[in-house]
Amino acid sequence: MAAPHRPVRRLDHRTLERYENIWLGIAVVLLLLLFASVFSSMISGTFPLLRGTGGGHAGGVTSGRVDPRNLAATPFAKPGLRENADGSLEAFVVARAFNFEPAVLRVPAGRPVTIHVTAADVVHGYYVTGTNINAEILPGHVASFTLTFRRPGEQSVICNEYCGIGHHGMITRVVVDPPTARSRP
Amino acid sequence: MTTPPLRPSVPLVSGPRAEATPDAAFLASLKKVTQYYVVTGFLALLVGILLGPLQALNYAGINVYDYPVLRALLGSYYQGLTLHGVLNALVFTQFFISGWMLYLPVRDLGVRINMRFAWFSYLLMTAGLLTAAVPLLTNNATVLYTFYPPLEGSPLFYIGAGVMVGSSLLVAGQVVLAWWHWKRANPGRVTPLVAFGSVATWLMWSIAALGIVVEVVVLLIPWSLGLTSGVDPLLARTLFWWTGHPIVYFWVLPAYISWYAFLPRQAGGRIASEPLARLAFVLFLIFSVPVGLHHQYADPNISNTWKSIHMLLTFLVAVPSLLTAFSVAASLEDGARARGGRGLVGWIRRLPWGNASFSAQVLAMTSFIFGGAGGVVNASLAFGPVVHNTAWIPGHFHITVGTATTLTFMGVALWFVPHLTGKRLFGPRLASWSVWLWFVGMMLFAVGMHWQGLLGVPRRSQMSATVQNVYREMNLAVPQAITGLSGVILLVGGLLFFWVLFRTLLSKRVQDGEAVPIPYSEAISPAGENLATASLLTRRTEPLLAISVFAFLLVLLVYAPVLGPMIADAQLVPGVRLW
């Protein structure tokens, strides 16, 4: 360590400024590329936010409003999966401290399902493990996303926004039935 | 608005750099109030970090909340978490920064401020803190530091928090006004770097704080008092994040002031470029506020277009951070080479690693590189759903606010407290141990939590008490062990630091505080003294008030289309208490 102190050439203003400008250029280009890549991911549907629908285990959030004190007057009165006349599938889920209704959501594999989630009391989270379904659930607001569960099996649904003393127990399941089953709620 | 009506009864001294002959009585008084701010902040941090290991143990899968001792102290895991968040993230930062960034610009500009008003601001801020402390400690405001309605805490909590944040705006007003008087008395002069950074930070905070002030004053206080029937949760969240993202820059910029202006001197080097440092502060002033929506990618009823625009603006905030990384690293290299450092990276060994004040700040910057990289992931609309509300997020902010801010302030305190009090630093070697342990602990905590988050563990959850099988299926053993270990290391590091700090504070005054000078550094490219001869960048960055008006207009531009429909559509939801 005891290298003798020799006079060294110290950094000068001019050299430093050139490096600074190069670095600034790199930083700006890097960030614009980052933005472009997220944006192209939106357009190509690798993740579905701008379109509102998606493929694979992916979900976007679209809009809607309900009165949380009067869910009985809405489709949320009967939580669960329903098949519409045109054959499309919709699921209604209510988050309420400290449960989700229905307790287990059964969906068929291979068919697009639109899930609508709302909260009856406070803010909750709706996170399906192993997917990128991850939405903030606010009372008075409906979070909706369309997706197709490809593989049969079970996934956990976790409330991941603090909602009170029982928050950590607010966990349920999505059961994905094999495609032939054509399950009903 | 943000600048309080303030008429100093003591006229502000103008003369050029009156600093050279500071009035001893005034300086002593200024040091005193600063010391009160700093010590109050650290007391909050002490309580806050004592609760930290409990969070780490929870995320190690160990539920300690049923032990009788803890039962007697804490209503629940969530009360401990609320205290931990509020004390560390809101109280410590607010008090330390208010002292730090009152003292520095006043010294740097050599002006006099009204000390009565300075004390009034301190007492008001403390009164706010004590008011909020009552419901927090009695488990009547266990709503976490984000306090999302309609989970409803005691009105005392919202009133106390409002007063505390509001009084930081009084400090902001006092500093900006002092700077303004200095400008009037010194036409054509370039604002010195430290004062420039402080004023830019306070101006940014004044714009940023509006969101939370409106949320608390207009929505939450009347609602918690029962005067209104409810709150729209989305509107409240959006106002919260108006402040909630820029607040992280309010935590980091005071650290940047030290990294830019003081750390080079501590390393034996020079500031790389003052004009560039000024540019970084101006970019933060403009870009750190209009970005809050990136905390709300998962919220329904907000247009994806506006989420995308906030994403681009968030990415742009990384530019001044990257500039800082370059500039500060260059100034350290300059110092190390002057001390005989050689080689492409070999010079790093010649930095004064044995100086705890220095190493704390460089370690803070090092972990902030990883924090910043993770932040770019969080800011991405595509990655958002993967990490939103998972343990990844606390992993992320412990290596940002937990190091870039807290570890830097710890390092700063090691010279700042002796400077303010005239007491000698107790145990420099212990101080070294404490900051290295803190760094190692935070890095391990970040590894454990990021890892758990990617596997799907949520944040803010007493997962150790969960009876369902979900976490047992996730293969968490390794990241849980790392998280638990990190909590123990952090506790040891934190206690060592406070031992050093309090032994220093409680020792006898042995010297004039001025014997420990503020480590102002020279610059390789200085900004110059006169605007007329200064570089273009220096001239363009000087009009901070005009720049902040522009920043405010930009904020309105990106928030009006988001908030407008929310207000038009607002649907009030009654409050609930669920803990």
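How many helices and how many strands make up the secondary structure of chain A? Chain A has 1 helix and 10 strands, where helices (H or I, at least four residues) and strands (E, at least two) are DSSP runs, numbered from the N terminus. Read along the sequence, the order is α-β-β-β-β-β-β-β-β-β-β.

This is a predicted model, in which local features need pLDDT of at least 70 and side-chain atom pairs count only at pLDDT 80 or more, while totals for chains, interfaces and linings use all residues. Residues are numbered from 1 along each chain as its sequence is written, chains are lettered from A and ligands numbered from 1 in the order in which they are written, and side-chain values use heavy atoms, with hydrogens and water left out.

Of the 185 residues of chain A, 51% count as buried; buried means under 20% relative accessible area, exposed means over 50%, and partly exposed lies in between (1.4 Å probe, protein chains only). Among the contacts in chain A between residues at least 6 apart in sequence, 61% join residues at least 24 apart, a contact being heavy atoms within 4.5 Å.

Strand β1 (residues 80-83) of chain A runs antiparallel to strand β2 (residues 89-96) of chain A, with 4 bridges between them, and two strands are said to pair if DSSP finds at least two bridges between them. Within this pairing A:Arg82 has A:Glu90 of β2(A) as its bridge partner, and the hairpin has 5 residues between its strands, with A:Gly87 in the turn at a positive phi of about 90 degrees.

Further along, strand β6 (residues 124-128) of chain A pairs with β7(A) in the antiparallel sense, again over 4 bridges, and A:His124 stands opposite A:Ile137 in β7(A). This hairpin too has 5 residues between its strands, and A:Gly130 in the turn has a positive phi of about 75 degrees. From strand β7 (residues 134-137) of chain A, A:Asn134 and A:Glu136 point one way while A:Ala135 and A:Ile137 point the other way, and all are buried.

In all, 64 residues of chain A are in contact with 75 residues of chain B. The two chains bury about 6100 Å² between them, 64% of it on carbon and sulfur atoms, buried area being the accessible area (1.4 Å probe) that two parts lose on being put together, summed over both.

Aromatic rings provide another view. Rings of Phe, Tyr and Trp (its six-membered ring) pair if their centres lie within 6.5 Å, and planes under 30 degrees apart count as stacked, over 60 as edge-to-face and the rest as tilted; the count is 52 aromatic pairs over all chains. One of them is the tilted pair of B:Trp353 and B:Trp436, 6.2 Å centre to centre with 55 degrees between the planes. This pair links distant parts of the chain, 83 residues apart, with B:Trp353 in the loop between α11 (304-338) and α12 (356-379) of chain B and B:Trp436 in helix α16 (residues 428-455) of chain B.
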